[in-house]
Structures are given as structure tokens and as C-alpha cells.
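The paragraphs below go through a protein structure part by part. Please keep the sequence and the model in view while reading.

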Number of protein chains: 2
Amino acid sequence: MSDIQKLSAPVPPGGTIGILGGGQLGRMLALAAARLGLKAHIYSNESDAPAFQVSAAHTMGWYDDEAALKAFAEQCDAITFEFENVPSEAIALLSQFKPTNPNAKALMIGQDRLEEKTFVRKLGIKTAEYAAVDSASDINLAITKVGAPAILKTRRLGYDGKGQAKVRSADETVRALESFKGAPALLEDFVDFAFEASLIAARGLDGSFAAYDPPENIHGDHILRKSTVPSRLTPAQIAEARNIAKRIAEALDYVGVLCVELFATKDGALLVNEIAPRVHNSGHWTLEACAISQFEQHIRAVAGWPLGDPARHSNAVMENIIGDDAANWLKLAKGGGALHLYGKSNIRKGRKMGHVTKLSAKS
Amino acid sequence: MSDIQKLSAPVPPGGTIGILGGGQLGRMLALAAARLGLKAHIYSNESDAPAFQVSAAHTMGWYDDEAALKAFAEQCDAITFEFENVPSEAIALLSQFKPTNPNAKALMIGQDRLEEKTFVRKLGIKTAEYAAVDSASDINLAITKVGAPAILKTRRLGYDGKGQAKVRSADETVRALESFKGAPALLEDFVDFAFEASLIAARGLDGSFAAYDPPENIHGDHILRKSTVPSRLTPAQIAEARNIAKRIAEALDYVGVLCVELFATKDGALLVNEIAPRVHNSGHWTLEACAISQFEQHIRAVAGWPLGDPARHSNAVMENIIGDDAANWLKLAKGGGALHLYGKSNIRKGRKMGHVTKLSAKS
């Protein structure tokens, strides 16, 4: 058995969607599956994974435990993941037993910043200037190509600013690379953007495509703080962003929700910053401002169902609750918005504990 | 230990809300609790209760198993129920161990149509004319008082038209009473209403009150088919409906969501038909058309949290999926609305399997 499994028919109500990863994204995916009468089976290596609390079944196992992964697959009708930092070998293995989406290529692109940038550029889509930095000997050439200031990023396993350093010189770049303990890296031009935005879209098993209205995003300490929709993107830029996401999704033969993070430059260009092959924090506002959220849309796609209508009925501002902010839950509950808390048992600095979305009349 | 337990502080995130009953209402309550970072523990006598699939914990037990109820209560921080036909003794027992809302009086009123009508009338609120029918010997006097045609209803354990019969004469009433196998009944005037509506509202632990915009409801075979908001109620009638619900909630020292079912008569009067001491099918549209749904509002109330904003941002039409209609799930999923399926393992005639809500711009 080595072929990749494909869905031959939509997973019927009562069927089980397997989800690798049990954090807040897995949890909100499980809640969305429940709306549709589908069961969620969460696979996580954490004993108190937040998604376990809302799922019909869960498996606690390591991502390299082939026997556990196989047993998990046998209990699912279709499989997905909440996070791109699961080992691609796990997805490759699961794909042999049950239809698993997004596919291994999308995961690989999402896991490696160099592969991602190279792939996007090949599609004729703009990114910041970049150069591979596998070792210190690559640094001078990379700075010549990219310029300074720049950002040195590890190619793999980065999120929320982990594995990133702003550098102004070759010396700073050497020290940053040393702090990454030899992990292969990428030097990227420091884009002096006007603002950040993201385009969240879904591609169905039938090739259908549905994009949400792109939010404008504000980060602090490399963590998303706030998403606002509508953004300052012009109608032409929104059309361009949709087109970028559509071309990426089609080139990857993608099934599920993906997020394309964008820089809007001061001269009106859109540069792709990152591709996340999954539901995304900057799409959490879709839970309240759309009849079909990004989470339900992803479940629909990976279960082979028709995509839902991504129309936005309201304006929305989503703000993350990070670290100690979660201690103010009672004040936040009084604040008039829609409060979401993720069921995490411990507050830690920089940890995403929840979010609040406030709606207003559509403009 | 015989005092009734009261909440001294809101149940914090990570706490557990116990829910008696594991059908679709318990399921949607559990999903709402999860949004707030609260765990749900479902108690049900059904081995495949739909709410089990989405809850952190569940107990399968009978509603008169005192040891099981006590063990359940010990694992919860606050307790509620999804359905008024749980034995009031179970609620009375649970109330001694953990704060349980709505309270036993509200449950008793909601369980008994005679108590309910009598209670509402004492508040000076209008209902259809009615008379108790404990035995056949009461029938002639009841018909003299109420008139004919009329509806004979069992006092207790009725829902979705179970235990109801339209009667046109004393003979028909005798036969209807016989079909109820001696259960105490109530004869109600047959109201030739203009339309039906309902007012769904919540009262918080602090006495705060929040009402949703009342939907207009259409029944078929005694089962709710469709709820539409806004309704044909005038602004003055909406204010009256809110006031009716507020007075009922205050008189019961109510905590949680309640539904007041109303007849709007052709001459513009509002008659109270039923009080449901729980979330209600005619409020399912709040999941999409409000930032805070009736389910979250109920969890907020029973957990001692501040109530959320019940504002409606869109118009909505909710239609139930009943019995065999659920076989059309794929067509319904394509239909452009928000589809909810309840995870019931078997389709049965007249069984509520799911619902679809369609939104449109607010009017």
C-alpha cells in the first residue's frame, strides 16, 4: 500500500475527520466539524491538548510513531493538520491510508521558507528579495544581494517570530546564524511596508475556490495582535491578492484553507511574505463576521464537501489575548465583543490564550 | 447538606459546566461553553447522545440514579439542563451539591402546563382561556368555560405536539383524554392567531436582562419548521414581548436563557402559549445572526458571567431539517446557508436532525 489515498465521495455526516495537532486551531476545527455532524479525532503529543476537550476521540502519540499514526488513520475517514510544523513524514505516511489534505507538497512548501519563496517567485509573484544562508560563508554574498537592514530567518520550524533576527551588518548576521545553532537560514530584505494584510481562501476537492475579504494585520513582537476587516487594500489590490492565492492554490493542487501573508508596500505593490497551509489566526474574525468560518470551510474542503459562501456580513476587529492578558478574562467577557478562550491550562508569556472579535455594520 | 448552592463567583475558564441531557441543545450548549474556555460534562441516559461527541466528559446514567447524579455534581462547577422534561427531583438533588440553574421553580412551571398558565395569569399576562381536566367528570365544565374547538393537552411531558389533540365536542374530549391514559390534562381555547412568535431572553446571576429580537415561527405537525427574524410584530408588540419575558424571569428569580412562545392574535394582542426554561429551537438563528448566540448566553448566565450583547446584525431565516430531510445533507450543504447537523446516529420520522440558517442584510 503506497499510493496516496484520494476521497472518492464526500465524508458523510457521522464520519470522522482526523486532525493532527491539538492546539487552538485543532480545537476550532473540531468545533466546526461538529456543526456539520462530523466527528473529530485529534492526534497530539500533548496530554492536555485543548482540542481533546471538544472531540469525539483523541490519540496521544508522537508524530514519528508509525504504529500509532496508522491506528489513528484507520479510525478516520479523512485527515488534516492544524499546523505546518508536523513532520512531513507523518503526513506522507497517513496519506497512504486515508485521504490527507492539504497535500505533502503544500506542507513541504509551508515548512521551508526557501522552498516557499522559490515556489512563489516561479509563479511570477513578488516577494521580498532573499538569499539562502546555509553557513557563515554565504553571508557576504547574501548581504550583497539582499542589502541591509535585513531579516535572518531559519528556513524551517519558525512561527510567531521564533528563529528570526533583524540584522544590520555581516557581523550581526554571523551572530544571528550562530544563535540558530547552525540551522540553515534565509536572509530577507527588510520590507518597509505600508501595512500587512493576509488573504485567506479555500480550494475544494472539485477545484472550486472561495476567498474571504482580506484583513489588515498588526504584529507586535512578531505575534499577530490585531486583524481588521475591511483593510486599506484597494479593490484592485484585493483582486490581485485573490488572484495570488488562487494561483498558489492551483499550482499546489491544494485542498483546504490556506493563508497568504502579504506586505502592502508604500508604492502599492503586494509582496508575499509567507504561505500558511492551514487555517490562520488572521482569519479568526470569520467566526462571527461570516456565516461560514474559515474553520468550517477547511473541514468542508478536506471532507470533500462543497465550499460554503465566504461572504462577510459585518466589519470586524479581532484582537488576540496573549499571555497574562488572559487573566483579565472577566473584564474581556464584559467588553461587548465575542470572547474566545482556548482551554489552555497554563498561561505563558507570548502564548496565544484566546481572542476577541468586535463586529460593526458593514462598510 | 440540604441548602441550595449558589454561585459566589463566576466559574473561571477551565471550569466545568454540567449539562443534563445530551441532545442537540446540550450539544450546542457544549460547543458554546468551549468558545469560552469552559469544559462541558454531559449527563444523559442515552449511550450515543449527540453531545457526548463534543464534550470534555460525559456520564451515562439514569435521571433517578442518585449516586450517579451526586458523582456527576462533584465533577462540575455549575450545572444546567437542556430540556424541561428531566425529573425535577434530579434538579433538586443536584442543587444541593452545586449551583444549578434555571432553578427548580422555573423547571416545575415549565413542566406543567396548568402551573405555567396559572403563574402567567397571576402576573397579569394574557394567555388563551383554559381549564384543568383531571378526569372525564371535568370535561363538561371545562368546555363551558373554554368553548370549542379547543386543544386538550397533557399537563406534563409534552413537546413537539406529543400529548395534544384538537377537540370539537365533549365526546371528542373524552376520547382524547382516554388516549392520554388518564394523565391529568388541560383544555385550552383554540386560538385563531394571526401568527406565532417567540421571545428568547436571558437573565444573569446579577439580575441583568438581555432579550433577542423575537422571531416569527411556523409549525407543521406541531413541530417548529421555520423561524424568521424580523417578525411581523410591531415595535410596540416587541416591547410588550420583552416586558412579558422580563416579568416572568424576575418572578421566577430566573438565571439562564428562557423562551416565551407567543400567539399574536388578529386584534393585536399577545398571548403567552408556553414558557420553555431553556434554550429554544426558535433561537437557533442567533448562532449566525448575533455575535453571542442563545447557547453562549445561557452558558454565560449559568456560569455567573456577564451576559453578552444580544444585538442582531443580520436578518435570518432558520429552517429545521426533520426526519428524512437529513438524507439530503449534500444538497443542503450546497444551498448557501449555514448548515447544522446534530450528530444523531439514526434518522427517525419527526426527529430534529439539523437546521439551516440563511442570513440577509439587516432590515
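Two strands count as paired if DSSP finds at least two bridges between them; helices (H or I, at least four residues) and strands (E, at least two) are DSSP runs, numbered from the N terminus. The model is predicted: local features need pLDDT of at least 70, side-chain atom pairs count only at pLDDT 80 or more, and totals for chains, interfaces and linings use all residues. Residues are numbered from 1 along each chain as its sequence is written, while chains are lettered from A and ligands numbered from 1 in the order in which they are written.

Chain A is divided into domain 1 (16-100), domain 2 (129-189) and domain 3 (195-361), with bounds that come from an automatic or database domain assignment. In chain A, strand S1 (residues 16-20) and strand S4 (residues 78-81) run parallel and are joined by four bridges. Opposite Ile19(A) stands Thr80(A) of S4(A). In a regular strand the side chains alternate between the two faces of the sheet. From S4(A), Ala78(A) and Thr80(A) point one way and Ile79(A) and Phe81(A) the other way, and all are buried. A residue is buried if 20 or more other C-beta atoms lie within 10 Å of its own, exposed if 12 or fewer, and partly exposed in between, with C-beta atoms placed from the backbone.

How many residues of domain 1 of chain A are in contact with domain 3 of chain A? There are 21, and they meet 17 residues of domain 3 of chain A; contact requires that the C-beta atoms of two residues, placed from the backbone, lie within 7 Å. The elements that give two or more residues to the domain 1 side are H1 and S4 of chain A, and H1(A) gives the most, with nine residues. That side divides into 13 nonpolar, three polar and five charged residues. Here Ala, Val, Leu, Ile, Met, Phe, Trp, Tyr, Cys and Pro count as nonpolar, Asp, Glu, Lys and Arg as charged, and the others, Gly among them, as polar. The C-alpha centres of domain 1 and domain 3 of chain A lie 22 Å apart.

Next comes an open sheet of four strands of chain A, in the order S5-S8-S6-S7 with antiparallel pairing. Strand S5 (130-133) and strand S7 (164-167) of chain A are at the edges, each with a single partner strand, so one side of each has no neighbour in the sheet. Helix H7 (residues 170-179) of chain A packs on the sheet and touches S5, strand S6 (150-154), S7 and S8 of chain A. The direction of H7(A) makes about 170° with that of S7(A); axes are lines fitted to C-alpha atoms, for helices over the stretch in contact, and angles run from 0 to 180 degrees between N-to-C directions. S5(A) is joined by four bridges to strand S8 (residues 185-189) of chain A, where Leu187(A) is the bridge partner of Ala131(A).

Helix H10 (residues 294-302) of chain A has nine of its nine residues buried, so it is largely enclosed by the rest of the structure. After H10(A) comes Gly304(A), whose phi is positive, near 75°.

The last topic is the pair of chains. A rotation of 180° with 0.0 Å of shift along its axis superposes chain A on chain B (RMSD 0.0 Å), by least squares on the C-alpha atoms of residues with pLDDT of at least 70 in both. This is the relation of a two-fold axis. The contact takes 35 residues from chain A and 34 residues from chain B.
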